[in-house]
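Hello,

Here is the structure I promised to pass on to you. Have a look at it first, and then read on for my notes.

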Amino acid sequence: MSDPGCGARSAIGRRAVLAGLPAACVLSGCDAPVPSRTRGERPVPGPPPGPVRQAGVIEPPQPHTLFLSYDLTPATRGAPGRDAVRRLLARWSELLAATAPSPTATVGIGPALPRRIGAGAPEGLRELPAFAGEHLDAGAGGGEIGVQIRASDPGACERLAGLLAGAGAGVLLPRWRQAGFLPPQASGPFARPADGGAPRDLLGFKNGSANPTERECERWVWLPGPGPYAGGTFLVVRRVRLRVEEFVRLPLARQEAIVGRRKGGGEPLGGGLERDASDPNARTPEGGYVLPADAHVRLADPRLDGGARMLRRSYSYENSPADRGLLFLAYMRDPGLFVRVGSRLAGADALNSYAEQYGSALFYILPGPTPGRPLGSMAL
Ligand code: HEM
């Protein structure tokens, strides 16, 4: 990631704007006067112009994550419910400012929340449709408030989760949670320590290689302004159980044909570098396609969606030897993109024989907080 633009903005966003602000103001949403500069003082750099984003979307991922999904308690509804949610998010803004940058947390709202508390909602915040042949477990997905915590160790994730849950007492009911990790790069047969590429998933493939650059994320990930939803984005979460043993027992060439990229370096089957796009038209000397018709990356190719991109930031999870896989996390401006890609994959992806998508959720990631405007004050 060479372009520091929006990563820098989101990191500055929360810390710089909340640091030095009286906690009570963050909580109450008061419009505290900005202290004026006295002569001779060096100018304090303010947040860059443009909508402020939450931390955690675009930055290089931390090794551990904990995803928490909540519903509101039955009593939290209507106008009083809306006030309670706004108070909660203000309190969370304060907690997150105090604990950032280690760990970070990113907060979103689910499709049912705006209706329930009488708030507006961004276009696109609707339940995802079910795809052909999938059997989703409703209790393992969905949710009215979603939080993704990331940290260098699982304990730090849990500690922040405890603080957030404490602040949510009486307002939030836990719905589902999933811990995740990035497998260490420096071990295993395909290790390429510190090669700067995407992390590997449990199938041993680099996952995230063909992600958009930060500049491309400006176009495809962040919601543009003006308006109350600018600076937000959508997060699609899928909990995918993988048949790891079965897959890794396949001959390497078969594994690579299923995914559509090389296992070692993540490059396209036809050659090149890890970040290079695949060439769907490349032919073998015998005249066949290098990339099989049912290869995962052929079906997921952004050129089939007019070039639209999603930023995939998935983690691996292991709940038990029989229940491990991918915590698929993808950020995008338009959840319709996920629906289109997911429909193509559902029907034809060769990976489907080794993957079971059993949990699904969509969240609108709120714009980042600014002075006097904690999380949720713009969009809710
Ligand atoms: C079933 C679990 C899944 C696994 C193990 C998996 C794994 C991979 C791998 C290894 C790649 C190639 C490297 C890369 O660019 O990251 C890839 C690419 C990709 N995957 Fe998945 N994926 C899964 C599910 C999904 C789902 C559910 C979607 C979206 C509906 C998706 C969308 C994509 C996209 C957009 C690409 C990039 C294609 C390109 O630009 O060439 N994947 N995936």
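This is a predicted model: local features need pLDDT of at least 70, side-chain atom pairs count only at pLDDT 80 or more; totals for chains, interfaces and linings use all residues.

The protein is built from 10 helices and 9 strands. Of its 380 residues, 44% count as buried. If you take the contacts between residues at least 6 apart in sequence, 79% of them join residues at least 24 apart.

The largest nonpolar core holds 80 residues, and those touching the most other members are Ile149, Phe234, Leu235, Ala330, Tyr331, Met332 and Phe338. Beyond its neighbours within four places in sequence, Leu235 is in contact with Gly108, Leu329, Tyr331, Phe363 and Ile365.

Now to the ligand. There are 30 residues around it, and Phe205, Ser209, Ala210, Ala300 and Ala355 come nearest. Two or more residues of this shell are supplied by each of β5 (233–242), α9 (296–299), β8 (323–332) and α10 (335–348). The largest share is that of α10, with 4 residues. By type, the shell consists of 17 nonpolar, 7 polar and 6 charged residues.

Helix α3 (residues 78–99) has 22 residues, and its first and last C-alpha atoms lie 31 Å apart, close to the 32 Å expected at 1.5 Å a residue. Its buried residues include Leu88, Leu89, Ala90, Arg91, Trp92, Ser93 and Glu94, so you will find charged side chains, Arg91 and Glu94, on that list.

Helix α5 (residues 154–167) has 14 residues and reaches 20 Å from first C-alpha to last, close to the expected 20 Å. Which of its residues are buried? They are Cys157, Leu160, Ala161 and Leu164. Seen down the helix axis, these buried residues fall within an arc of 105 degrees, so they line one face of α5. An α-helix has 3.6 residues a turn, so residues three or four places apart point the same way. The buried residues of α5 pack against β1 (64–72), α3, β2 (104–109) and β3 (145–151). On the face turned away from them, α5 carries the exposed residues Gly155, Gly162 and Gly166.

One joins Ser102 and Pro103, with omega at about 0 degrees, and Pro103 is found in the loop between α3 and β2. Another joins Gly225 and Pro226, with omega at about -5 degrees; Pro226 lies in the loop between α6 (214–220) and β5.

Leaving aside neighbours within four places in sequence, Tyr354 is in contact with Leu242, Arg243, Glu246 and Phe247. Its C-alpha atom is separated by 7.4 Å from that of Glu246, 108 residues apart along the chain.

Glu127 belongs to the loop between α4 (112–117) and β3. With 13 other C-beta atoms within 10 Å, Glu127 is partly exposed. The C-alpha atoms of Glu127 and Pro111 are separated by 6.0 Å, with the two residues 16 apart along the chain.

Note on methods: Residues are numbered from 1 along each chain as its sequence is written. A residue is near a molecule or strand if its C-beta atom, placed from the backbone, lies within 6 Å of it. The expected span of a helix is 1.5 Å times one less than its number of residues. A residue is buried if 20 or more other C-beta atoms lie within 10 Å of its own, exposed if 12 or fewer, and partly exposed in between; C-beta atoms are placed from the backbone. A nonpolar core is a set of buried Ala, Val, Leu, Ile, Met, Phe, Trp, Tyr and Cys residues joined through C-beta atoms within 7 Å. Two residues are in contact if their C-beta atoms, placed from the backbone, lie within 7 Å. The arc is that of the directions from the helix axis to the C-beta atoms.
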